[in-house]
Amino acid sequence: MARRWVQESSPCTAGKRTAHVHASVALTLSDKSIVNLHRPLLAACLISFTSLARCSSTGGAPSPLGDGDAAATGGPESGNGAGGASSGGVSSGSGSGSRAGNGTRSGNSGSASGSASNASGSGKGGNSGTGTAGSSASGSGPSSGTGLGNLGGNGCAGGTCLNPTCTPWPTGTKGAAIETYPGTGFDVQPAFIPNDVIIPTLDDVPDGAVSPPTQAKGAGGWAALNLSYLDANKMHWDLFINTSNDWTANSCDNWGASMNAACVAGAMDILKLHNPGNHTAHHWHLGTAPANTVPAGKGCGDAACVAGELLGVESVVSAVSKGARPHLTRFRAPFGEPYEVGAGAPGYDLVAAVVARYAVSVGWNLDSTDSLYDDGTNCTALNGNAPVATCPTGQDIAHAVEVLIGTPGTGTNYGIVLMHGIFPWTRDAIPLLFDPATGYLAKNKFRVGTVEDAICWKYGKHSWDVINALNHLKGTPQELGPN
Ligand SMILES: [Zn+2]
């Protein structure tokens, strides 16, 4: 989501304003410098953020100083070898729309119990998955044709990914020890991802109709259009889900509660053909007390709130999938907070300790800048505050990515790309970059990977096995499976 509204990368804003003083400098520079330039500037914003709670308030993310996650200390559990029985995740069915909301851990356990263990283990095993023998569930189980139980143990949604054997990279290395707060970090050149790999991610999905239409979002429904394009081209991406996004007005803003049909359909498409990730229920500022956000009430200052933000999405996704996907083990923090800054950021230990119970934190290695052009309603200049007449184009966004990635081995950045599924210009940029025949990546011989590929390259373990190892869940009824 955009900056103060929805996006990840933006600066704090009273966010916006504070940062904009800085950002206006960036505006005079070329695209290429902008993102990098942002970083120290945003850092400055963060400093003010720490001393003035205000900055956070409106604000987007403080900033990037490198790889917060990677800085974490070596975790207690490294090893554990083979992964467990990926319980094909069947667990009771019949969730109808009622589990929305945040809070409790209801519905979590039991997932592993009927353990239809479809695939064998961490990393190996093909995508065989007949989606589990829905041993549990009463008829509404995942094997009933929804296809939602079909994720095999190798984590390759749709059967395609680059690292189906979950082997560490570079070849011959052992894989990183699991940190206290595992995550993929924010390095511009992540050592564990091959430099010819680009991993697209779309946040803030699904979105629904925007009525009346606005300048920046038009009539909405961009996530559905993106999914149609991806599905038609057999592309299987990572999409990070909100269920009650609190920053923008569209019909998916509270779809967990309403089970709005279009929003549910979007979520189903993601679960069937893509890699779902948790982007929190409300897209609040994690690590900032609600009283310190602007407007007030859009933060999480304690562990229970943070847990509720993750479990709220899990509950809805579990209900939509009728128990087939009780957990999501890939997580992206709204605004990147507090991970982009990492250790030392306000609330970092509080937030990261909670998240590590559920999911691997997924950062980004480059920002498409797509969320930096609107105020939630109207278009602005890059990092701008005031509405402008002209919105960015798909070419603008594609160009911002192209200048960072260059060609394999020559770019300043590679790896995970931050994008959002809720903007018209992102929809237009996607074919320019990713079309299998004519896109920039194909023409320049980049490969397209997934977040799970990256987690496997880093740890030699799937996201669920990382969390199982860290939390001693292996072999327990709470053991997490592929998702
Ligand atoms: Zn977001």
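His283 counts as buried, with 27 C-beta neighbours inside 10 Å. A residue is called buried if 20 or more other C-beta atoms lie within 10 Å of its own, exposed if 12 or fewer, and partly exposed in between, with C-beta atoms placed from the backbone. The model is a predicted one, in which local features need pLDDT of at least 70 and side-chain atom pairs count only at pLDDT 80 or more, while totals for chains, interfaces and linings use all residues. Residues are numbered from 1 along each chain as its sequence is written.

His283 is placed in the loop between strand S5 (275-278) and S6. Helices (H or I, at least four residues) and strands (E, at least two) are DSSP runs, numbered from the N terminus. The phi of His283 is near 60 degrees, a positive value in a residue other than glycine. Most residues other than glycine have a negative phi, and most peptide bonds are trans. Met259 also is not a glycine and has a positive phi, of about 50 degrees. This residue lies in the loop between helix H5 (255-258) and H6. Met259 counts as partly exposed, with 17 C-beta neighbours inside 10 Å.

Two cis peptide bonds are described here. The bond from Trp169 to Pro170 is cis, with omega near 0 degrees, and Pro170 is found in the loop between helix H3 (53-58) and strand S1 (197-205). The bond from Val205 to Pro206 is cis, with omega near -5 degrees, and Pro206 lies in the loop between S1 and strand S2 (209-214).

The chain as a whole contains 13 helices and 12 strands. Of its 483 residues, 62% are buried. Two residues are in contact if their C-beta atoms, placed from the backbone, lie within 7 Å. Among contacts between residues at least 6 apart in sequence, 77% join residues at least 24 apart.

Helix H4 (residues 222-232) packs against two helices. Two packed helices are described by the angle between their axes and the distance between the axes. Axes are lines fitted to C-alpha atoms, for helices over the stretch in contact, and angles run from 0 to 180 degrees between N-to-C directions. H4 and helix H6 (residues 261-273) pack at an angle of about 30 degrees, with their axes 10 Å apart. H4 and H6 are therefore roughly parallel; angles under 35 degrees count as roughly parallel, over 145 as roughly antiparallel, 65 to 115 as roughly perpendicular and the rest as oblique. On the H4 side the contact is made by Ala223, Ala224, Leu227 and Asp231, and on the H6 side by Ala262, Gly266, Asp269 and Leu273.

H4 and helix H10 (residues 424-434) pack at an angle of about 10 degrees, with their axes 9 Å apart. H4 and H10 are therefore roughly parallel to each other. Trp222, Leu225, Asn226 and Tyr229 of H4 meet Pro424, Arg427, Ile430 and Pro431 of H10 in this contact.

In helix H8 (residues 348-355), the buried residues are Tyr348, Val351, Ala352, Val354 and Val355. They cover an arc of only 160 degrees around the axis, which puts them on the same side of H8; the arc is that of the directions from the helix axis to the C-beta atoms. Among the elements covering these residues are strand S6 (285-286), helix H7 (303-320), strand S8 (330-331) and strand S9 (360-361).
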